[in-house]
Amino acid sequence: MSTGAARGRDEELLLARISAAAGRARLGRRRATYRAPGTAPGARWAATAGAWLPPRAGGGPVARAGARLDLYEYGMTAAVGKRIHVVRFDTTVVRRRWVLCARGVTRALVLVDVDGDRTLLRWGDFGRPARWWPEIRRAVTDAQVPRALAALRLGARLDFGPLWITGDEVGSGRTALRWARVERIESRNGSVAVRATGRWQVWATGASGIPNLCVFQALAEHLAGAGRDED
């Protein structure tokens, strides 16, 4: 069998595995596929999604054969080596982090897959990151905000690391503000800051480690707006 034919066969087998995994998790229709770019000099790709290992002593890089990211209606798959991570947008926890890469430091998304394992997606791991990065965060937000709002209406308190939200207040630790007093909440210079009565307060440092910060921000924007309307 020629090299091209073998590569095509490998691609077919990988696609079959990805499709089967997505089907078991009921991810719906595939919407987009993003493949790994060329092998980065001086680094080699491990068989765990997004894991980088030191360069081989005196050796070159190992090709990231078959590495690909597939986005579906209700989730995503990240296939690298022999592992296929499956993530559902409605149940995952996503964090933003700064991590090491072949060229120094880059940003990354860390998601929890359906098996409870972490999936690391670096900005340069797959092609066109300016498209898949916001698409994943937007999909997680769209999938989780309606259920979160329903829970808040029933009196629940939702925790996002050091931050928490109820239907009446937002807080960090023992500090709390009613939504009517909140003018704006945003991530600034790696911290979460709250503007109330014309002043900024830093409530949480290291925003990259806050779980589902995208969901928190969407809820805060909605509830702060509703609180001002009622005031």
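The charged end of R107 sits over the ring of W133, 5.1 Å from its centre, where a charge sits over a ring if NZ of Lys or CZ of Arg is within 6 Å of the ring centre and within 35 degrees of the ring normal. The charged end of R107 also sits over the ring of W123, at 3.9 Å from its centre. The model is predicted: local features need pLDDT of at least 70, side-chain atom pairs count only at pLDDT 80 or more, and totals for chains, interfaces and linings use all residues. Residues are numbered from 1 along each chain as its sequence is written, and side-chain values use heavy atoms, with hydrogens and water left out.

A pair of aromatic rings is described by the distance of the centres and the angle of the planes. Rings of Phe, Tyr and Trp (its six-membered ring) pair if their centres lie within 6.5 Å; planes under 30 degrees apart count as stacked, over 60 as edge-to-face and the rest as tilted. By this rule the count comes to 4 aromatic pairs. In one of them, the rings of W123 and W133 have centres 5.5 Å apart and planes at 65 degrees, so the pair is edge-to-face. W123 lies in the loop between β9 (118-122) and α2 (129-153), whereas W133 belongs to helix α2, so the pair ties together parts that are 10 residues apart in sequence. Helices (H or I, at least four residues) and strands (E, at least two) are DSSP runs, numbered from the N terminus. W123 is partly exposed, with a relative accessible area of 24%, while W133 counts as buried at 7%; buried means under 20% relative accessible area, exposed over 50%, and partly exposed in between (1.4 Å probe, protein chains only).

The rings of F160 and F216 likewise have centres 5.5 Å apart and planes at 65 degrees, so this pair is edge-to-face. F160 lies in strand β10 (residues 158-160) and F216 in helix α3 (residues 213-230), so the pair ties together parts that are 56 residues apart in sequence. F160 is buried, with a relative accessible area of 6%, and F216 is buried at 1%. Ring pairs also link W123, F126, W132 and W133 into a cluster.

Leaving aside neighbours within four places in sequence, M76 is in contact (heavy atoms within 4.5 Å) with residues including L27, L69, H85, F89, L121 and I136.

Helix α1 (residues 3-24) contains L14, which is buried, with a relative accessible area of 9%. L14 and G81 are 67 residues apart in sequence and 9.8 Å apart in space, C-alpha to C-alpha.

Elsewhere, 3 strands form an open sheet in the order β14-β15-β16, with antiparallel pairing; two strands pair if DSSP finds at least two bridges between them. The edge strands are β14 (182-188) and β16 (199-205), each pairing on one side only. Strand β15 (residues 191-196) and β16 pair in the antiparallel sense over 6 bridges, and A196 stands opposite R199 in β16.
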